[in-house]
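Here are my notes on this model. Please read them beside the sequence and the 3D view.

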Amino acid sequence: MGLPPGFLRGYNDARGFDHMTAKRYFPATEEENVGISAHEDSNCITFIFQDDVGGLEVLNDGDWVPAEPVDGSIIVNIGDVIQVLSNDKLKSAMHRVVRKPVHRHSFAFFFNLHGDKWFEPLPEFTAKIGEPPRYRRFLYREYHQLRVRNKTHPPARID
């Protein structure tokens, strides 16, 4: 992002809002192959460690592209917070998991904001380069509550 090292520390110095999940996907059936439906992450950054089975897909120009496993790699996914901070210069990726004919395992680490932190487009991506902010200022807790509500009352998107 072109920001000083440790910049995000100011948004999450306590680290109490980060979490890691272990995911186990059962084999697909003829009737069902959805592991996790299409979504964008609401956090800052997600680190995904996947096995060699695959199943993670990213939407690119209307097509679902597999994020094929590469031994020893970590998938880094930008979340909505980075999209807002960068004023859309960096985008949160729409992604999903499609189940395969065999069990799949993965771990996802979510770097989150503290619930009481405000976030908005940074001056480096707005005023300093003469662009208007594309998002209003959000309290992360309220934004996260809105995202949870939008799961039952769409849309669940940052805008």
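**Notes on the model**

1. Threonine 46 is buried, because its relative accessible area is 1% (buried is under 20%, exposed over 50%, partly exposed in between, with a 1.4 Å probe and protein chains only). This is a predicted model: local features need pLDDT of at least 70, side-chain atom pairs need pLDDT 80 or more, and totals for chains, interfaces and linings use all residues. Residues are numbered from 1 along each chain as its sequence is written, and side-chain values use heavy atoms, without hydrogens and water.

2. Threonine 46 sits in strand S3, residues 45-50. Strands are DSSP runs of E with at least two residues, helices are runs of H or I with at least four, and both are numbered from the N terminus.

3. Which residues does threonine 46 touch, leaving out those up to four places away in sequence? They are Asp41, Ile75, Val76, Asn77, Ala108, Phe109 and Phe110 (contact: heavy atoms within 4.5 Å).

4. Strand S7 (residues 95-98) runs antiparallel to S2 (residues 34-39), joined by 3 bridges. Histidine 39 has histidine 95 in S7 as its bridge partner. S7 also runs antiparallel to S4 (residues 56-60), again with 3 bridges. Here glutamate 57 stands opposite arginine 96. Strands pair if DSSP finds at least two bridges between them.

5. UniProt lists residues 16-113 as "domain: Fe2OG dioxygenase", in an unreviewed entry. Such annotations may be inferred rather than shown by experiment. Over residues 16-113 the chain is 6% helix and 45% strand. The end C-alpha atoms of this stretch are 9 Å apart.
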